Amino acid sequence: MRHIETVFSGFGGQGILFAGQLLSYAGIAAGLYVTWIPSYGPEMRGGTANCTVILSEEEIGAPVVRHPTAAVVMNSPSFLKYRSLVKPEGLLFVNTSLIDIKDEEEDARMILIPASDLATELGNIRMANMVMLGAFVERTGIVALDAVKEQLAEHLSERQQKWLEPNYVALERGAALIETQV
Amino acid sequence: MAEKTTVAAATIPEIYEPVYTYPDSLTEVSTHYCPGCVHGIVHRLVAEVIDELGIREDTIGVAPVGCAVLAYNYLDVDFVEAAHGRAPAMATGIKRVNPDKVVFTYQGDGDLAAIGTAEIIHAANRGELLTTVFINNAIYGMTGGQMAPTTLSGMVTTSTPTGRDCLLAGYPVRMSEILAQTAGAVYVARESALDIAGIRRTKQAIKRAFLAQIHGLGFACVEVLATCPTNWNLEPWSALEWAKENMGAFFPLQTFKMTDEVKALGTR
Amino acid sequence: MTKQLLKGNIAFAEAALRYGLEAYFGYPITPQSEALEHLSGRMIEEGRVFLQAESEVAAINMVYGAACAGVRTMTSTSGPGYSLMAEGLSYIVGSEVPVVVVNMMRGGPGLGNIQPSQADYFFMTKSAGHGDFHPIVLAPASVQEIIDMMGLAFTLAETYRTLVIVAGDGCIGQMMESAELPPMAATRQSRPEWAITGARGRDRNIITSLYLGPENLERLNHRLQAKLARIQANEIRYQEMQVDDADLLLVAYGTAGRICTSVLREARKQGLRVGLLRPQTLWPFPEERLAELSQQVRSMLVVEMSAGQMLEDVQRVVQGRVPIRFHGRMGGIIPMVDEILDDVTSLVQTAAA
Ligand SMILES: Cc1ncc(C[n+]2csc(CCOP(=O)(O)OP(=O)(O)O)c2C)c(N)n1
Ligand code: SF4
C-alpha cells in the first residue's frame, strides 16, 4: 500500500511549507488521500517552520505522527529533533550545506544532500527546497517527479513563474543525486 | 532573572565617558519582534523614562493583546496581561487600589482603537491617573496583517485585498484627536518613531505622560507612529520611508492637548 | 467537481459562500483568520456583504441584525472572541433567528495559545449564554466534513430558527486536505415573512427577546424547550466504526475523533476488538445510541483535547454500566496515536482479567 508520513522542517523562509504543499498537490493528482498540517504560531516569525504531510491510499486518521516514516531537515535544529524521531527503518533527508554531521552520527536512514550549495550553484539558494523534494520523490517513489513538476507549474505564483525552469532543474538535480547514491 | 552583564565595562577604556548604556528597566533577552519592528525602540524609550524617573520598583505595566503581548519579557517591572482592548479598564482597577503606584498601558491600534475604544475613551474621560503608550502601525500585526482601524485609505491588507475602500470598510480613525476632546485627559500627543529626531521627541512625550500621572494631573496618552515591515511587505528601511510619506499626512504629529499644569512640569 | 487541496478555514468560508451566505461579519483571531481574509475578497466579488467589525461583540450583533432582516448570515471566531459573543448568542436564541457561528477552538483559559483544543465543549453545548437553551453544535473531523456541515448548519438554523455552532479546532482550521467544494448555489430570492424588512403592505414585525411578564416569558421558554425536544428527536448525527463486535468503545469527536480512527486501525491490527463512536452533533448528543452500545461493550475510552468535558455526558448516559476511562490532552496539545493505544491495551487487559 502506498503510504507515507513525512515531516518537512527548517527555517521560516526556506520554502518548507511550500515543498510540503507541492508534494500534497502531486499526491492528490495521483489519487491519494492527503493531509498537510503546518506548525503555526508566533514561532513562525523567523523561527523554525515545519509541516507534516501524509499521503495514503487509505483515508487518513491522525494528521500528526510522533514517529514519521520520513523527514526532510533543512537546518540543524530540525536535524537534532527528527534524528531521534524518524522510525528506525525510515528515511532522513539531510541538507548537509547547513547541517554538520560527524561520521559517527551518520546512520542508514540518512540521505545526505548539499541542497543549499546546489541551489546556489543553480542560481538561487531558495531552490534548496526543490533539490530536497526532487531527492525525496526519487527515493521514496511515492509520486512521480513529473507529477511534482506539473503541480509546480500550476502553483508557482505569477511573480515566481520566471523561476519555473530553474526549479525544474533543481528538482532534477536532487533526483539525480539519488540515482548516483544507489 | 540572570545577572546583567555590562559589556561596556570589560571592553571600553576608562578614559571614555559612557553616553549609551543599557537601561536597567530593560531585560537582556533576545527579542521576538521581527527585524525592523518599531515596538523594540519604543520599549527601550519606556525603559529609559522609567529609569530616569527612578520609578522601576513603583511601576506596573499592562500589556495588550497584539504583538506587544510579551512586553513583560522586556520591561523589567511588575506586569499584567489584559484581555484584547481592556488594558485601560484593567489599569483603572489596578490604579484605584494602588494610588501611589505608576500604572501604564502599552497598546496597539487594534487593541486601543477597535475592540478597546470604549475602555480608552472612558478611562481618559474619567481622568484616570494612567499613562498610555499607543503604537499606531496601521495594521494588525500579530494576527497576520488584517485591516486596523488606522489602516489608511487604499492600503492593501489581508482583509482589504484590493485596498481599503472607506465607503465599505469605514475611514481610518484619529484616536489622539478624539481622546483630546475628553475632559479628563491632560496630555495627548502624537509623535513618531520613524527617525532619530522623532524618537527623541517620542521619548520626551512619554516622559511627560508619566510625569503627568506622577503629579496626579490626569490621563495622558502618547500615540507613536510606527511600522510593521512584516505585514506591510516592505524592508524595514522602506517601511520607515513609507510611513513618513503616507502616515504623517493623515496622522499629523502634534500635541493635541496639554494643560498648563502639564506644561509647567517640563520633562526633566 | 474534483478534489482539491484545501485549507480548513478557507474551505468552510468558501463553502458557506457557495451555500448562499449573504452577509459575513467578523473580527480577526487566530486560528481562523484565513476565513475572514478569504471572505473579505470573495464576498465583495460576489456582490454580497462583508464587514470587518471593531470587535466580536460588534460582529455578533451585526450578525444578529442581519439575521433579523432574514438573510443567511454567519461569523467565525475562536476562544476569546467566542466568549465575547456569548451575550449576543443568547439574544439570538431568545429572538428565534437563524444564525451560524464557527468556533475554531484554541487552547485556554484566558489568552491561552492558538493551538488546537476542544475545551469549549461545556461552553458551547451546555451554557452558550445566559438563560435556558442549547444551540445545535456540529463537530466536523475533516476538511470535507466542515464543508458539508456548513450547508447542514444553514439548513438547521433556518428550519428551527435557532443558533447553530460549528465546533472545529485549530487543527481542522489550519490543515490542508483533499476535499471537494459544493457547486455555487444562488442566494435566496425572498426573505422569510417574520423578517424585519419594513411593514409595506403587511402587519409590522417585531423581533425581541424581552418578555416582561413572567407568564409570557415562561411561555417562550416552553416553546424553546419544545423546539429543543424536536431537535433531539430528529437531528442526532454520529459516525460509527466497527462497533458490532467491539469489546472496547472509543468515544471521541472532531480532531480527537479522527485520531481515534487511526487508533482503531492499529488496535485491530493487534487483534484487539475496538470500535468507535464519533458524535457529529455534540448537542443533541447521541444518547440513545451510546446507551445501547454500553449494553454491548465491556469498557469505554473517551478521548478529548480537554480535561474531560464530553466525558461527563458519556458518564451520564452510561450510568456506570461499564468502566469508562479518559484520555485527555490540554493546552493545545494534539494527542498521539501511540499514547492512546497504550490506554487501549491496558484497558482491554484489565477488562479481560
Ligand atoms: C477577543 C479577541 N479577539 C481577537 C483576538 C486576536 N487578536 C490578537 S492581537 C489582535 C490585533 C493586534 O493588532 P494591534 O493591536 O494593532 O497590535 P500589533 O500586533 O499590530 O502590535 C487580534 C485581533 C484576541 N486575542 N482576542
Ligand atoms: S508583525 Fe509587525 S508589529 Fe508584529 S513584531 Fe512583526 S513587524 Fe512588529
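Domain bounds, as used here, come from an automatic or database domain assignment. The model described is a predicted one. In chain C, the assignment gives two parts: domain 1 spans 3-234, and domain 2 spans 239-352. Their centres, taken over C-alpha atoms, are separated by 29 Å.

The two domains of chain C touch. On the side of domain 1 of chain C, 32 residues are in contact with domain 2 of chain C. On the side of domain 2 of chain C, 27 residues take part. The size of an interface is often given as the accessible area lost when the parts come together. Between domain 1 and domain 2 of chain C, about 2400 Å² is buried. Carbon and sulfur atoms account for 54% of that area. Within domain 1 of chain C, the residues that lose the most area to domain 2 of chain C are C:Q118, C:Y121 and C:F122. Together they make up 31% of what that side buries.

Between domain 1 and domain 2 of chain C, 17 residue pairs are in polar contact, with both residues at pLDDT 80 or more. Several elements of chain C give two or more residues to the side of domain 1 that touches domain 2. They are α5 (121-125), β6 (136-138), α6 (143-160), α7 (170-174) and α8 (214-234). By residue class, this side of domain 1 of chain C divides into 18 nonpolar, nine polar and five charged residues. Side chains of opposite charge can pair when their charged atoms come close. Three salt bridges are counted between domain 1 and domain 2 of chain C. A salt bridge also links the side chains of C:D313 and C:K126, at 2.5 Å from N to O.

Chain C also meets chain A. Here 24 residues of chain A are in contact with 24 residues of chain C. The area buried between chain A and chain C is about 1900 Å². Of this area, 62% comes from carbon and sulfur atoms. In chain A, A:I28, A:Y40 and A:R66 lose the most area to chain C. These three residues together give 33% of what the chain A side buries.

Nine residue pairs are in polar contact across the interface of chain A and chain C, both residues being at pLDDT 80 or more. On the side of chain A that touches chain C, α1 (16-29) and β2 (33-38) of chain A each supply at least two residues. The most comes from β2(A), with six residues. The chain A side divides into 15 nonpolar, six polar and three charged residues.

β2(A) pairs with strand β8 (residues 176-179) of chain C. The sense is antiparallel, and the pairing runs over two bridges. Opposite A:W36 stands C:M176, in β8(C).

Over all chains, the structure holds 45 salt bridges. Three of the salt bridges found by the rule lie across the interface of chain A and chain C. A:R66 meets C:D338 through their side chains in a salt bridge of 2.6 Å, N to O. The side chain of A:R66 also meets that of C:E339 in a salt bridge, at 3.0 Å from N to O. This pair crosses between chains. C:E339 sits in helix α12 (residues 337-352) of chain C. A:R66 sits in the loop between β3 (48-56) and β4 (70-73) of chain A.

Some backbone features remain. Most residues other than glycine have a negative phi, and most peptide bonds are trans. In chain C, a cis peptide bond joins C:T30 and C:P31, with omega about 10°. C:P31 is found in the loop between β2 (23-26) and α2 (33-45) of chain C. Another cis peptide bond joins C:G108 and C:P109, with omega about 0°. C:P109 is found in the loop between β5 (99-105) and α5 of chain C. In chain B, B:A138 has a positive phi, near 65°, and is a residue other than glycine. B:A138 lies in the loop between β4 (131-136) and β5 (139-140) of chain B.

Definitions and conventions: Residues are numbered from 1 along each chain as its sequence is written. Chains are lettered from A and ligands numbered from 1 in the order in which they are written. This is a predicted model: local features need pLDDT of at least 70, side-chain atom pairs count only at pLDDT 80 or more; totals for chains, interfaces and linings use all residues. Side-chain values use heavy atoms; hydrogens and water are left out. Contact means heavy atoms within 4.5 Å. Buried area is the accessible area (1.4 Å probe) that two parts lose on being put together, summed over both. A salt bridge is a side-chain nitrogen of Lys or Arg within 4 Å of a carboxyl oxygen of Asp or Glu. A polar contact is a pair of N or O atoms within 3.5 Å; within protein, one must be able to donate a hydrogen and the other to accept it, and residues adjacent in sequence count only if both atoms are side-chain atoms. Helices (H or I, at least four residues) and strands (E, at least two) are DSSP runs, numbered from the N terminus. Ala, Val, Leu, Ile, Met, Phe, Trp, Tyr, Cys and Pro count as nonpolar, Asp, Glu, Lys and Arg as charged, and the others, Gly among them, as polar. Two strands pair if DSSP finds at least two bridges between them.
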